[in-house]
Amino acid sequence: MADVLPFPVSSISYEARMKAILFQEFGGPEVLLYRDIPDPKLRNDQVLLRVKSCALNHLDVWVRKGLPGVNLPHINGSDVAGVVEEVGEYVTAVKAGQRVLLAPMVFCNHCSWCTSGQQNFCREFTVLGNGVDGGNCELIAVPEVNVIPIPDTLSFDEAASVPLVFLTAWHMLVSRAQIKQGQWVLVLGAGSGVGTAAIQIAKLFHANVIATAGDDAKLAKARELGADHTIHHYDAKIGDEVRRTTNKRGVDIVFEHVGKATWAESIRSLRPGGTLVTCGATTGPDVSFDLRQLFAKQLSFLGSYMGTMGDLHEVLGHVFAGRLKPVVDRAFPLSETAEAHRYLESSKMFGKVVLNP
Ligand SMILES: [Zn+2]
């Protein structure tokens, strides 16, 4: 009798379950577990998204290894694109079925910083997938303000490759360093996600771009993206090459995110009065410099962290119009996230590595 269940109905859980990559302890790629977990519950003011693509960032590696404020178990993933599955009662701007990407930041949306458009100063500010669970899963519920429709010309993998790196690079070059037409800009780590974004943004401002990378294939791709000059950073000293290329002048802006390995050469590359802007320390945070260089050469060192919703909408306008292009290196199935982390840590990629649930 097929309609008789072999155990009491009350013992069966009918809770819908989704696939996710989570970790219950910090460590290497092996801590990433592919599991069934309950679907997120949608609040009235939220949008439920079916994730089609989620890009990796170095942040995923830092969070996996252990950062303060990360609660376990945790789901990584800051850069998400997908289809709206369902909207809460109070949501008016998007509807089910729309193709969208997510703003990668989390903020209160009512403090004085948020309401004045400086969300990255909000006391509750964090990155999606850092302070809160992210998009390494099939479904994610987020506030309406984070959900941004995308044009049909952009694939989900391309859309997921945009938010964090283009937002970060735009905030650094435009909002912080205030790039001007025709300036000289040195972009470190051209093969990284932020590097590929920075080269294109600098060219949008008709800058002279010098880009660095660790192998010839990456340098060739950097030139395809618009870099005017390239430096192989294992074969030559960056500062020497910059001085030669600029006829001893130095660059107006150094775009830093590498940290310890390049810091001294970055400073050597600046013209008097030049600006170094940094958003990261991939090779280590402990750097030193001679204070006399700072004041005698009248340099500016600027820190930059993510960006504002205004920055994001501004840079997305250029992406949606095709003036800035996301660079996708390769895609992995969500179930192979650990392998994707190993690939990211090998630094072989040019552009973004994405996961497909
Ligand atoms: Zn706020």
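Which residues does Val258 touch, not counting residues up to four places away in sequence? Val258 touches Leu188, Gly280, Ala281, Thr282, Thr283 and Gly284, where contact means heavy atoms within 4.5 Å. This is a predicted model, in which local features need pLDDT of at least 70 and side-chain atom pairs count only at pLDDT 80 or more, while totals for chains, interfaces and linings use all residues. Residues are numbered from 1 along each chain as its sequence is written, and side-chain values use heavy atoms, with hydrogens and water left out. Helices (H or I, at least four residues) and strands (E, at least two) are DSSP runs, numbered from the N terminus.

**Two loop residues**

- Val258 sits in the loop between β13 and α8 (263–269).
- Val258 has a relative accessible area of 14% and is therefore buried. Buried means under 20% relative accessible area, exposed over 50%, and partly exposed in between (1.4 Å probe, protein chains only).
- Val258 and Arg292 are 34 residues apart along the chain, and their C-alpha atoms are separated by 23 Å.
- Asn130 lies in the loop between β7 (126–127) and β8.
- Asn130 counts as buried because its relative accessibility is 10%.
- Leaving aside neighbours within four places in sequence, Asn130 is in contact with Leu59, Val63, Leu67, Val70, His74 and Tyr305.

- Two strands pair if DSSP finds at least two bridges between them.
- β3 runs antiparallel to strand β4 (residues 79–87), joined by 8 bridges. Ser53 has Ala81 of β4 as its bridge partner.
- β3 also pairs with strand β8 (residues 139–143), in the antiparallel sense, over 5 bridges. Leu48 is bridged to Ala141 in β8.
- With strand β17 (residues 352–356), β3 forms 2 bridges, again antiparallel. Here Cys54 has Leu355 of β17 as its bridge partner.

**The parallel sheet**

- An open sheet of 6 strands runs in the order β12-β11-β10-β13-β14-β15, with parallel pairing.
- Its edge strands are β12 (229–232) and β15 (300–303), each pairing on one side only.
- Neighbouring strands of this sheet are turned by 20 degrees against each other on average, direction ignored. Axes are lines fitted to C-alpha atoms, for helices over the stretch in contact, and angles run from 0 to 180 degrees between N-to-C directions.
- Within the sheet, strand β13 (residues 251–256) and strand β14 (residues 270–278) run parallel and are joined by 5 bridges. Val254 stands opposite Leu276 in β14.
- Helix α7 (residues 238–245) lies across β10 (184–187), β11 (208–213), β12 and β13. The helix runs at about 155 degrees to β12.

**Helices α4 and α5**

- The axes of helix α4 (residues 163–176) and helix α5 (residues 193–204) come within 8 Å and cross at roughly 50 degrees.
- α4 and α5 are therefore oblique to each other. Angles under 35 degrees count as roughly parallel, over 145 as roughly antiparallel, 65 to 115 as roughly perpendicular, and the rest as oblique.
- The crossing of α4 and α5 is right-handed. A crossing is left-handed if the near helix is turned anticlockwise from the far one by less than a right angle, and right-handed if clockwise.
- Residues making the contact include Phe166, Trp170 and Leu173 of α4 and Val194, Ile201 and Leu204 of α5.
- The contact of α4 with α5 has 12 nonpolar, 3 polar and no charged residues. Ala, Val, Leu, Ile, Met, Phe, Trp, Tyr, Cys and Pro count as nonpolar, Asp, Glu, Lys and Arg as charged, and the others, Gly among them, as polar.

**Helices α1 and α11**

- The axes of helix α1 (residues 58–65) and helix α11 (residues 337–345) come within 10 Å and cross at roughly 110 degrees.
- α1 is therefore roughly perpendicular to α11.
- The crossing of these two helices, α1 and α11, is left-handed.
- His58, Asp60, Val61, Arg64 and Lys65 of α1 meet His341, Leu344 and Glu345 of α11.
- By class, the contact of α1 with α11 has 2 nonpolar, 2 polar and 4 charged residues.
- Buried residues in α1 are Leu59, Asp60, Val61, Val63 and Arg64. Their cover includes β7 and α11.
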